[in-house]
Number of protein chains: 2
Amino acid sequence: MENQKRSAGRPAKPILNRQLIAQRALDLVTASGLDSLTMTQLAKKLGVAASALYNHVDNKADIVLLIQDALVSQVSLQGMQRLIAQQATLEEALHDWALSYRAVFAEYPSLIPTIAVTAVSESPKTLHMYNTVAQALASAGIPDAQVIKVIVAFESFLFGSALDVDAPSTIFDTDDVTEDSAWLDRVVKASRTKSAPAIDGTDADARNQYADPPFQFGLTALISQTMSLVEA
Amino acid sequence: MENQKRSAGRPAKPILNRQLIAQRALDLVTASGLDSLTMTQLAKKLGVAASALYNHVDNKADIVLLIQDALVSQVSLQGMQRLIAQQATLEEALHDWALSYRAVFAEYPSLIPTIAVTAVSESPKTLHMYNTVAQALASAGIPDAQVIKVIVAFESFLFGSALDVDAPSTIFDTDDVTEDSAWLDRVVKASRTKSAPAIDGTDADARNQYADPPFQFGLTALISQTMSLVEA
DNA sequence: ACCTGAACACCGTTCAAGT
DNA sequence: ACCTGAACACCGTTCAAGT
């Protein structure tokens, strides 16, 4: 970015701060995934030496946490807030949250494995989201002791679904039909004729066009199972 | 492993082969995840120079595929085969498959992101598994055009659930109760009193003890939704 | 306090040289 | 064909030196 070389030594005004680092890091991950986020590349984008980053963050994992926190804050809590205010149903709230959650993280599949194992205490925005969802579910009549179970079940499905969006749409294609692929071929073809457009290799969007029906199917399953938990 | 140094040049008998490489690679991943699988470490375990590996595999991704294939073959297809033979119900078959699938991959969470986006044609055992499941579901009366949808929905949930097993059991613990964590704290505590043993730090198994109820919950949801698809 | 630049211990992969 | 060892272009992170 900045090309005029800076001499060593403390600059008059700090060049970096955590927010700026997080912003540029997110840019890199947005462009081409977590693998393209390297301290070297990030430093280059910021116009500093890689070692300068360590004045502001502990390590690379610290940066990933910053990114995560920024992303979680993009998840819509509107439905849940409306549920708390008794302006939406449990079903509506779950649907809104799930769609938004999946949409956000489907853009960043490479972050999902990290997110899945990150403790909420490490990410304030994540904590806030869970807290809101917990309040909403509890106030909708789900017994306290079952709320976490529901949240985790949804999340597992949402993580997996977000990974799935990143899969190639040719994931079930087989090279040639053998005994080991005959049935798979048959059901894959049957799925296609339902809705999908013809496959022209020019499809600009490489994302998995077959990801949506399974998502809707699973989401419906989870929502109706959740509604059965509501106490009178 | 082997300590007597070998001089350069082609050995009388080949030292490596793909199967041996896959076996040792799986050992490394089993011990401490995909990150600990490096060409250097793997070569050391095999008693060769890292560059020797490239006589047998294309690259590291190729090795990961070999591992994947070996793992998929551990997933139980018994239930599905019994369903095909009309010796098990759809519900039993789905339950058996899902439990086994999750159990296998919960041991290897670091592989899940890769598995989720790997095309079946790249992994013969994976192809075989999907083909069997597809045949079983179709023969149980699920319309051809819906089979893939069901499989992908299950898989999304299974991938996410397997990631969840790897999460620390303290994932929902908060450092101190603030306004942003009050509800979460409450429902987490309510979950604990139900079943969990007191937390003594000496717990040998660091895996997430809270992962099972959500898994059962989601699985039940998916199974009953699936059964509703069966044609008369 | 906050930067640069050299250094360290790694990576994955390529390739000439050896048998 | 199948190995070794040097080499290349990277990593993340540390640290002395500069202001």
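1. Chain B and chain A of this predicted model meet through a contact (heavy atoms within 4.5 Å) that takes 63 residues from chain B and 63 residues from chain A. The area buried between the two chains, i.e. the accessible area (1.4 Å probe) that two parts lose on being put together, summed over both, is about 5400 Å². Carbon and sulfur atoms give 72% of that area. In chain B, Ile148(B), Trp183(B) and Phe217(B) lose the most area to chain A, together 13% of what that side buries.

2. Local features need pLDDT of at least 70 and side-chain atom pairs count only at pLDDT 80 or more, whereas totals for chains, interfaces and linings use all residues. Side-chain values use heavy atoms, with hydrogens and water left out; residues are numbered from 1 along each chain as its sequence is written, and chains are lettered from A and ligands numbered from 1 in the order in which they are written.

3. Two salt bridges (a side-chain nitrogen of Lys or Arg within 4 Å of a carboxyl oxygen of Asp or Glu) are counted between chain B and chain A. The side chains of Asp144(A) and Arg186(B) meet in a salt bridge at 2.6 Å, N to O.

4. Helices here are DSSP runs (H or I, at least four residues), numbered from the N terminus. On the side of chain B that touches chain A, α6 (112-117), α7 (124-139), α8 (144-165), α9 (182-195) and α10 (212-227) each supply at least two residues. The largest share, 15 residues, comes from α8(B).

5. A rotation of 180 degrees with 0.0 Å of shift along its axis superposes chain B on chain A, with an RMSD of 0.0 Å; superposition is by least squares on the C-alpha atoms of residues with pLDDT of at least 70 in both copies. The two copies are thus related as by a two-fold rotation axis. Because 100% of the interface residues of chain B are also interface residues in chain A, the copies meet through the same surface.

6. DNA strand C has 26 residues around it (a heavy atom within 4 Å), of which Arg10(A), Ser51(A), His56(A), Gly9(B) and Arg10(B) come nearest. A polar side-chain atom of His56(A) lies 2.6 Å from a phosphate oxygen of DNA strand C.

Note on methods
A polar contact is a pair of N or O atoms within 3.5 Å; within protein, one must be able to donate a hydrogen and the other to accept it, and residues adjacent in sequence count only if both atoms are side-chain atoms.
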